[in-house]
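I opened the model to look up a few local features. My notes follow in the order I took them.

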Amino acid sequence: MRDMDYLTLLSHEFPNARSCAAEMINLEAIMALPKGNEYFFSDIHGEYESFIHLIRSASGVIRSKIEDTFGQLMPEEEQEKLANLIYYPNETLSDLKRSGEIADGWYESTIHQLVMIVREVSSKYTRSKVRKRLPKEYGYAIDELIHTDESEPDKRLYYNEIIKSVAKVEVADDFIVALAELIHSLLIDTLHIIGDIYDRGPRADYVMDELINFQNVDIQWGNHDISWMGAAAGNTTCIATVLRIATSYNSFDVLEDGYGINLRPLSMFADKMYKSDDCECFRPHLLDDNKYDSVSPDLAAKMCKAITIIELKLSGQLIKRHPEYGMNDRLLLDKIDFDRGTIVISGREYELKDKSFPTVDPDDPYELTEEEQKLIETLKYSFLHSRRLQKHIRFMYSHGSIYKICNNNLLFHGCIPMEENGDFMVLQTDEGRRSARDLMDYFEEKIIDAYFLDGTEDADKKNAAVDMMWYLWAGPVSPLFGKDRMATFEHIFIDDKELSVEHLNSYYEYSKRAEYCDRIFEVFDMDADKSHIINGHVPVKVAKGEKPVKADGKLYVIDGGLSKAYHSKTGIAGYTLIYNSHHLALAEHLEFDRNGDNTPKMYVTETLPRRMLVRDTDVGRELAKRIFDLEELLECYRIGLIKEKNDN
């Protein structure tokens, strides 16, 4: 017999043989259902409109479900209208009312159509699971509509009366919204975000709001996420990095309106120090308009330059504090000849495109001026005391990790760092040599320490962990960064494209070969014959013939460029990977058009040999353990080792 203390504790939940057997029957039935739909997204980069549309439309699956349900019975135009109603019920209802398109009988007909779609998408779930996702106010009515057999005359009358009563008591709008949200919920059972929610796009905070409201989501942190997480933990270098990228991409709304970061001190400092400087090298990428905090491109450029110089100084200080990072090649401010406006890198002299450095002391170039020090402390206070930012970052921690193993899929954002010869890169730490999975686990521990460790009890450990957040953003052995160096300085200040190239880690070539994917599966204790690697980080340049599926189907790279900054390079606007009970499929996104058809192009990449059931999943294995425990408890009841109690 198993641990009697555990079984006694379990008996409080199932107090007698009858309740125990009933739960076993329920779990066995769940095990025989098809697995739920898993959706994988990567590199959202603040593109909230595109992302929210993909979530609301289930990356085009809702449109296909409407076609499957109604086929030739409903014209194409009507199918499109029904799809838009499901995607955006509140907005669509308002538009229909304003245009006078809601005629007599419209509500009854539309509710019936939505119920038909709910029946279609809920067919793989138990009634219990569907009930848990029903809205409290209309749960009973929706449950009855879904499960009423209309072929019987009495039942059909009952069904119609429910719909009529909904319209009669004037709650039809709310009812339609509830049905639409139920469809969204049932179609995406689990949502996996493979990193980089933040930076470049306009409103990462809106993306985070959407994720927080989702019922089952996990996040694998990306390098752009980690810089924001570091900023929220008080790492001033990460704060400067976040602000440099935000000012460079004109993302003032997310900072000021979204997170309440007070940028006035930065704008005042920048205007003072660079008043007569055109800051041409720092002109912002104007991909999106700000709605609430409009900043002129001239001022944005000055702000970007001011915070970039601060970032270069702070990163230099950090590199000097940590020689073990092996990043001395990034110490460049001390290589500048300020009189001549040149810099020597690897023995070669280059002319600087921008020669104005009014805040840099040539004798101590990494030292912040008094004003810069005061400014960065003020900005740090804003990041630490932004309630909404801290709420979002806590969600990143509670639902996130560096990697995740789920249903034979290994999820991570960047790479498993590899040497040029194909061996796993080793990082020498105070706690020993780390590589591959061990390296990922080590970094995750430090990420958690950076945010949650009490600095008053172990200040040195806390500070080292906070510093490491920046290393994860830009370090050569960071699995999130996946490159040899962060060439920010070269990109901005030197007119030599070769010098600013950031070389990808060798992983990105080796992982294209099945045998190297198998090596990775081995260190993660996964079955190489059944497993996939799913990551993002490096956009797939479809326009140049690149494919997202590599290594004989073992590797999926799903960063297709959701960010507008990549569209010209990739030729598409990202991917959704969909893993249902029948197959894996990729949805190739179109560039988002508010008024156009945004339905992705879908194609199946792998068909499963048989329909995958819940019993075949990680959840199924947990349920199997639960059933085994209940069998043990049932035996205890039968032989009297544990006494039964009444249900009440």
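**Entry 1: two loop residues.** I began with Asp43, which is buried at a relative accessible area of 1%. (Buried is under 20% relative accessible area, exposed over 50%, partly exposed in between, with a 1.4 Å probe and protein chains only.) Asp43 sits in the loop between β1 and α3 (48-56). Its phi is positive, about 55 degrees, although Asp43 is not a glycine. Most residues other than glycine have a negative phi. I then looked up His537, in the loop between β12 and β13 (549-550). His537 also has a positive phi, near 75 degrees, and is not a glycine. With 11% relative accessibility, His537 counts as buried.

**Entry 2: ground rules.** This is a predicted model, where local features need pLDDT of at least 70, side-chain atom pairs count only at pLDDT 80 or more, and totals for chains, interfaces and linings use all residues. Residues are numbered from 1 along each chain as its sequence is written, and side-chain values use heavy atoms, with hydrogens and water left out. Helices (H or I, at least four residues) and strands (E, at least two) are DSSP runs, numbered from the N terminus.

**Entry 3: the seven-stranded sheet.** I traced an open sheet of seven strands in the order β7-β3-β2-β1-β15-β16-β17, with mixed pairing. (Two strands pair if DSSP finds at least two bridges between them.) The edge strands are β7 (400-401) and β17 (601-607), and each pairs on one side only. Inside the order, β1 (residues 38-41) runs antiparallel to β15 (residues 575-579), with three bridges. Tyr39 has Ile578 in β15 as its bridge partner.

**Entry 4: around β12.** Which residues of β12 are buried on each face? In β12 (residues 532-535), His532 and Ile534 are buried on one side, Ile533 and Asn535 on the other. Strand β9 (residues 409-412) pairs with β12 in parallel over three bridges. There, Leu410 stands opposite Ile533. Strand β14 (residues 555-557) also pairs with β12 in parallel, over three bridges. Here Ile534 is opposite Tyr556.

**Entry 5: the three-stranded sheet.** I found an open, antiparallel sheet in the order β4-β5-β6. β4 (336-337) and β6 (348-351) are at the edges with a single partner strand each, so one side of each has no neighbour in the sheet. β5 (residues 342-345) and β6 are antiparallel, with four bridges. Val344 has Glu349 in β6 as its bridge partner.

**Entry 6: a helix pair.** I checked α19 (residues 387-398) against α20 (residues 436-452): their axes come within 11 Å and cross at roughly 150 degrees. (Axes are lines fitted to C-alpha atoms, for helices over the stretch in contact, and angles run from 0 to 180 degrees between N-to-C directions.) That makes the two helices roughly antiparallel, a label for angles over 145 degrees. On the α19 side, Gln390, Ile393, Arg394 and Tyr397 meet Ile447, Ile448, Tyr451 and Phe452 of α20. By class, this contact has six nonpolar, one polar and one charged residues. (Ala, Val, Leu, Ile, Met, Phe, Trp, Tyr, Cys and Pro count as nonpolar, Asp, Glu, Lys and Arg as charged, the others, Gly among them, as polar.)

**Entry 7: Lys320.** Lys320 lies in helix α17 (residues 297-321). Leaving aside neighbours within four places in sequence, Lys320 is in contact (heavy atoms within 4.5 Å) with Leu331 and Tyr366. Lys320 and Tyr366 are 46 residues apart along the chain, and their C-alpha atoms are separated by 9.9 Å.

Note on methods: Angles under 35 degrees count as roughly parallel, over 145 as roughly antiparallel, 65 to 115 as roughly perpendicular and the rest as oblique.
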